Amino acid sequence: MTSTTTIENPTKAITWHKTVKATDVPENGGVAALIDGQQIAIFNFTEKGEWYACQNLCPHKMEMALSRGLIGDANGEPKVACPFHKKSFSLETGECLNDSCNNIDVFPVKIEGDMVFVGL
Amino acid sequence: MKEKIIIVGNGMTAVKFCQKMVDAGLLNKFELTVVGEEPHYGYDRVHLTSYYTGTPVKDLHLAPKEWYKENSIEVIKNTKVIDIDKLKKTALLDNESALSYDILVLATGSSAFVPPIEGREKDGVFVYRTIYDLALIKEYVKDAKKGVVIGGGLLGLEAAKAIMDDGVECSIVDRNPWLMGRQLDKRGASFLHKKLDAHGLNIITDTNIARFLGDEKVTGVEFIDGTSIDTDIVIISSGIKARDELAVKAGLEVGKAGGILVDEGMETTFPGIYAIGECALAVGMIWGLVAPCYEMADVLVERLNGNDKSFTGSDMSTKLKLIGSEVASFGDALGNTPDCIPLMLENKFTHVYKRINISPDGKYLLGGILVGDAADYNMLLQIYKNKILLPPNPESLLTGASQGGGFKLSVLDLADDAVICSCEGVTKGKICGAIEDDDVTSVAGLKKCTKAGTGCGGCVPMVDDILTATLKKQGKDTKKVVCEHFDYTRQELYDIVKLEGIKTYTDLLHKKGHGAGCEICKPLTASLLASIWNEPIVKHQQIQDTNDKFLGNIQRGGTYSIVPRIPGGEITPEKLEVIGRIGKKYDLYCKITGGQRIDLFGARVDQLPTIWEELINEGFESGHAYGKSLRTVKSCVGSTWCRFGLHDSVSFAIEIENRYKGLRSPHKLKGGVSGCVRECAEARGKDFGIIATEKGWNLFVCGNGGANPAHAQLMASDIDSETCIKYLDRFLMYYIKTASPLTRTSKWLAGLEGGMEYLKEVVINDSLGMAEQFEKDMQYMVDTYKCEWKEVVDNPELRAKFKAFANSDEPDSSIKFVPMRNQKMPTPW
Ligand code: SRM
Ligand SMILES: Cc1cc2nc3c(=O)[nH]c(=O)nc-3n(C[C@H](O)[C@H](O)[C@H](O)COP(=O)(O)OP(=O)(O)OC[C@H]3O[C@@H](n4cnc5c(N)ncnc54)[C@H](O)[C@@H]3O)c2cc1C
Ligand code: SF4
Ligand code: FES
């Protein structure tokens, strides 16, 4: 159900995956999407006018949970807080913001037409 | 060319040394290689026991793998240095390769000292020092019923607690007449012994072990007097032994009782070779705590940086949370200073023992002991360390500020060089600097930028005090604002939402806040909106914590639980059958909860609406087990069946539960109704409890189970049902309006100036003139109640949100269960 196109990028080849309708992602909220069997969290950060995507897996206890977390910011840095134990991760860099938990992978997002594309 | 430093051992001291080298900017002069024998990156040995209770090794790492990479520090794990060639300057590794160095740093730590007791090689005899040791114990303990810990010091008690928590019946053996002989005097120890006794630890002192019994496996220990006790497992923790074997082999001088001899600059007897941490014999002793080890690392870094710093000894003060009791000791705890004056306080009722030792001239605090209540430890430690002149009535130190004692030292009176965090060596000056110059405004921020409080964590309350006091001094607002996005308290936001008629989070953020919000202010606002407007929770789904987002408690593994309301705990056999049938149909784990109802666990998010639909069709409704809202009103069977029952407690409980169901509040709310003073409904352990009397009901409020149990206190006696509900309406509304976020009623009452008497004035005598408003507000909530789950079930748009993936109808295949006693549970973490 996902269609893919590969575009050229000087550093790394990104494959853009068509995922969901933009209107299917609630304002200031997130959803999980399956991309080639991988669980990806997609966030519609209306408050900042941005879209973000990251792995759905929380590296703390290996729970598929981040899409169900609350988004927000800390000193301007956009972040998501895992619903399980509230570890927060930067949506820009994937860095864990409150302690030494591992970082997460974040992915580029673009909107074309009414669809959300995630680059893996 | 950079000079090459090899560090032998990758324990706590080695990591600290590397970090301080980085912080001092020395990596452009030196190149670091760490060789460690353990298969892990340097980890936090102080919190080793948390590995036992399930924390993964990764969470114990002191520095992440990436940090070493970023700083180009080479880490060689799983490898032992087996010899040193001092003249050629090479270290020989057990994989037969050799590394050359310019400077060698020994940070080999220590190992557990094992006394030469006959039979110590038997299976089931362990020490408590490394992750590996604990992994072995954890595995072995599965089949053990009884255990013996040898050595009643800090570590021994920690080990005992660990296996006791695993259900092992434990004895602790110490050859001294009492436990923790280094930290406690006899009186103090007797208080500790009582506490430990009460927690089921068997204490055996004043004796030695002659041998371990059993063939291959240990089955018992025999004492020198010939008596013996049975055991399945033995943990030895009778002291440490510095790991100086490598130093001995290399011909460095070591102490008689072990330890690598170093001078005040941490240099061994051979130039260019240093020793730091628990392996070093410095100022005549081995320093078995992390703070002095870190200080040694600091001294060596300063020396390598060309500065003149010396290690001249360190403070051995400690504060611990032992089995069921706090214990702290500092300075000259045992009063060894000639002619010093000990002052003691013993409270056999609260099981608190305190002792402070005062200098003969009465001017200074020399040291002390705290058992049972160590709240004043940080303050006393500062008074001692900074030689603060004592007040004329030093006994006021014993009652402490927390009990209204006379002497209260403000943190601001401390000198700037007063060390607040001894693990990291952070001074008050540094903390104030961060607040004043770098505008840090939170404890978390201070931890990050000064490292204070990141070691054992004991100084965190004091760091918080310094923060509050310094901000106050600067004239900055120190009111408890909810988070960085709102400069208001919860109560102020409540008033704003209500007075300005604010109906959404976004509206509130744009009008009164800044930034994009966070996981603190979003659910808080959701709770306010619910408490004030009683609109459906799901309307504000994106600002709810996950439990409120999907109207179920999230479980391990990512499934949710389903708790239908069963008011008062009363249920017909027919309805029980319905729950049974639905549980079976969806293969849910089923358990009777502590709240007199039934919890069905393990529902996937996509199954929730369907299951609730079936429940609702059968006459159930949401139990709000996921919300900060009314949970249950427990009841006892009361006068309907019970031969002692005075009134119909079940009917009253059901009436009250139905009245307040769905009511959102700062924290969850629980109630109970008992039919007589025997109190089978445990009503006094609840936020509100009602107990039948000959003449009516007694109403108790602000009780609590959980982590800090408190009995509810009497608000009114012998009142009728109508008055009882009136008082409850007022009480609950007043709480909802004024409590801080996530504050149960008991904690709220504790912070209410004037306490219970004041609360009675507000509720019964209407001293605020708000009673009518409270009742009206509550009636509005009662009248507008709707079952949240019914709203979802009936609304296709809302239902659509309950699925695992936005782009697929597949269920989440990462959810896995394992069988357990004919039911199932999520695969363990
Ligand atoms: C299911 C149940 C345990 C059981 O198997 O019996 C339970 C389970 C949980 N309790 Fe509880 N508590 C349960 C009865 C209790 C009781 C007993 C009672 O209500 O009489 C208490 C002590 C009484 C009290 O609250 O004062 C209790 C004190 C707590 C606390 C500590 C509250 C405190 O103020 O210290 C928490 C933590 C919290 O709320 O912050 C907690 C939190 C939790 C949470 C919600 C933790 C979480 O966020 O995941 C658990 C959710 C399980 C789930 O997924 O559904 N649970 N919990 C009980 C559900 C009762 C119900 O029918 O709703
Ligand atoms: C359960 C427990 C609880 C504790 N609680 C506290 C507490 O609450 N407060 C407190 O202050 N202290 C506490 N301590 C003590 C604290 O952990 C030590 O003071 C600290 O770990 C010492 O650090 P170190 O680096 O000197 O030694 P270690 O942390 O022991 O590290 C030494 C490392 O060197 C390795 N090594 C040794 N020889 C070689 C070799 N030849 N080649 C390669 N590697 C080698 C070892 O395998 C080890 O990994 C506790 C200790 C334990 C075991
Ligand atoms: S409290 Fe106990 S004794 Fe009293 S009515 Fe209830 S069940 Fe009976
Ligand atoms: S699983 Fe995400 S914070 Fe623990």
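In the predicted model, buried residues make up 53% of the 120 residues in chain A, where buried denotes under 20% relative accessible area, exposed over 50% and partly exposed in between (1.4 Å probe, protein chains only). The model being predicted, local features need pLDDT of at least 70 and side-chain atom pairs count only at pLDDT 80 or more, whereas totals for chains, interfaces and linings use all residues. Residues are numbered from 1 along each chain as its sequence is written, chains are lettered from A and ligands numbered from 1 in the order in which they are written, and side-chain values use heavy atoms, with hydrogens and water left out.

Chain A contains 0 helices and 13 strands; helices (H or I, at least four residues) and strands (E, at least two) are DSSP runs, numbered from the N terminus. Among contacts (heavy atoms within 4.5 Å) in chain A between residues at least 6 apart in sequence, 39% join residues at least 24 apart. Strand β13(A), residues 115–119, is mostly covered, with 5 of its 5 residues buried. M115(A), F117(A) and G119(A) point one way from this strand, and V116(A) and V118(A) the other way. In a regular strand the side chains alternate between the two faces of the sheet.

Two strands pair if DSSP finds at least two bridges between them. Strand β2(A), residues 14–21, pairs with β13(A) in the antiparallel sense over 4 bridges, and H17(A) has V118(A) as its bridge partner. Strand β12(A), residues 109–112, likewise pairs with β13(A) in the antiparallel sense over 4 bridges, and V118(A) is also the bridge partner of V109(A). The hairpin of β12(A) and β13(A) has 2 residues between the strands, and G113(A) takes a positive phi near 65 degrees there.

In chain B, β18, β20 and β21 form an open sheet of 3 strands in the order β18-β20-β21, with mixed pairing. Strands β18(B) (260–261) and β21(B) (285–286) stand at the edges, each with a single partner strand, so one side of each is left without a neighbour in the sheet. Elsewhere in chain B, β37(B) (residues 817–820) and β38(B) (residues 823–826) run antiparallel and are joined by 4 bridges, with M825(B) as the bridge partner of V818(B). Their hairpin has 2 residues between the strands, and R821(B) takes a positive phi near 40 degrees.

The largest nonpolar core has 60 residues, and those with the most contacts inside it are Y660(B), F688(B), F731(B) and L759(B). A nonpolar core is a set of buried Ala, Val, Leu, Ile, Met, Phe, Trp, Tyr and Cys residues joined through side-chain atoms within 4.5 Å. Helix α22(B), residues 721–738, gives the largest share of this core, 10 residues. A second, separate core of 55 residues includes I7(B), F17(B), M21(B) and M296(B).

In helix α24(B), residues 755–763, the buried residues are G755(B), M756(B), L759(B), V762(B) and V763(B). These residues cover an arc of only 120 degrees around the axis, which puts them on the same side of α24(B); the arc is that of the directions from the helix axis to the C-beta atoms. Elements covering the buried residues of α24(B) include β35(B), β36(B), α22(B), α23(B) and α25(B).

The residues around ligand 3, each with a heavy atom within 4 Å of the ligand, include C636(B), C642(B), C676(B) and C680(B). The shell divides into 5 nonpolar, 3 polar and 2 charged residues; Ala, Val, Leu, Ile, Met, Phe, Trp, Tyr, Cys and Pro count as nonpolar, Asp, Glu, Lys and Arg as charged, and the others, Gly among them, as polar.
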